[in-house]
Amino acid sequence: MPTRTLLAAALGIGLYGAVSHWLMLYAATEPWAVAAIMAPLVLGLAGVACKRRHLPSLLLCAAAVVALVAVTTLGGEGTVQRLYVLQYVAINLALCWTFAITLRQGSTPLITRMAQRIHREFTPALRAYTGRLTRLWVAYFVAMSIACVALYAWAPWSWWSLFANLLTPVAALGFFVGEHVLRYWTHPEFERVSIAQAVRAYRQVSASGAGR
C-alpha cells in the first residue's frame, strides 16, 4: 500500500469525521443526515457479508436498516443521539473483540500474527512485545468505549460529538504512529518495517480470520 494511499485514506477519514460532527450538531435527527452518518458502517458490513456469503450478517444489516428507519421516523433527538453512541461503542467493542479473541489460550495474538508476516527474523523478544502490544490495543478500545459513555452521560452533546468524530481518529493515529516510533527507540534490535507494511499485514490477517 503506497504512502499516498495511506494519506488519502487518512484524509477521507478526517473529512468524514468533520462532516459527521457538523451533522450531529446541526442536523442530527434529519433522516438524510442519519443515513449519511450510518451508511458507511452498514454498507461496509454488508460488503463483507456479501464477500463471505454470510447470510446471518446480511440479515443483521437488513435489520439495522429497518431499525434506522424506525428511529429516524419515530424517535426524538435523544433517541437518535443514543443511536450514535451505540454505534461508536459497538465499533470499538467489535475491534476490541477482534484483538482480545486472539489472546485466548492456544491462539496467536493478532499483532504477533501480523509481525510474523513481515519480519524475516522473528525473535522471542519480538513475540513477547507483540503479545503485550495486542493487550494494549484491547485496553485502548475498552478505554475509548468508557470515555464515550462517560462523555455522553456528563458532558454536552457537542463535546461527545467532537470526541467521537474528530478526536478519536487522531487518538488512534497517535497511538499507532507513537508506538511505531517508540518501538525502535526502546528496541533498536528489531527489524525495521514501514507503517504501510503494518497496515497491509493487518488487512491480510483480518481477511484470513483474526480469531485463529
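1. Along the sequence the protein follows the pattern α-α-α-α-α-α-α-α, with eight helices and zero strands, where helices (H or I, at least four residues) and strands (E, at least two) are DSSP runs numbered from the N terminus. This is a predicted model, in which local features need pLDDT of at least 70 and side-chain atom pairs count only at pLDDT 80 or more, while totals for chains, interfaces and linings use all residues. Residues are numbered from 1 along each chain as its sequence is written, and side-chain values use heavy atoms, with hydrogens and water left out.

2. As for burial, 34% of the 212 residues of the protein count as buried; the term stands for under 20% relative accessible area, with exposed meaning over 50% and partly exposed in between (1.4 Å probe, protein chains only). Helix α5 is mostly covered, as seven of its nine residues are buried, namely Leu110, Ile111, Thr112, Arg113, Met114, Ala115 and Ile118.

3. Two packed helices are described by the angle between their axes and the distance between the axes. For helix α5 (residues 110-118) and helix α6 (residues 124-154), the axes come within 7 Å and cross at roughly 135 degrees, the axes being lines fitted to C-alpha atoms, for helices over the stretch in contact, and the angles running from 0 to 180 degrees between N-to-C directions. The pair α5 and α6 is therefore oblique, given that angles under 35 degrees count as roughly parallel, over 145 as roughly antiparallel, 65 to 115 as roughly perpendicular and the rest as oblique. The crossing in which α5 passes α6 is right-handed, a term used if the near helix is turned clockwise from the far one by less than a right angle, with left-handed used if anticlockwise.

4. Helix α6 also packs with helix α7 (residues 157-186), at an angle of about 165 degrees and with the axes 11 Å apart. That angle makes α6 roughly antiparallel to α7, and α6 passes α7 in a right-handed crossing.

5. Two residues of α6 deserve a separate look. Thr130, found in helix α6, is buried because its relative accessible area is 3%; its C-alpha atom lies 8.9 Å from that of Met114, 16 residues apart in sequence, and Met114 is itself among the buried residues of α5. Leu151, also placed in helix α6, counts as partly exposed because its relative accessibility is 21%, and a C-alpha separation of 10.0 Å lies between Leu151 and Val85, 66 residues apart along the chain.

6. How many salt bridges does the structure hold? There is one, where a salt bridge is a side-chain nitrogen of Lys or Arg within 4 Å of a carboxyl oxygen of Asp or Glu. In it the side chains of Arg183 and Glu179 meet at 2.8 Å, N to O. Because these two residues are four residues apart in helix α7, about one helical turn separates Arg183 and Glu179, and both Arg183 and Glu179 are buried.

7. Tyr26 has its place in helix α1 and counts as exposed because its relative accessibility is 59%.
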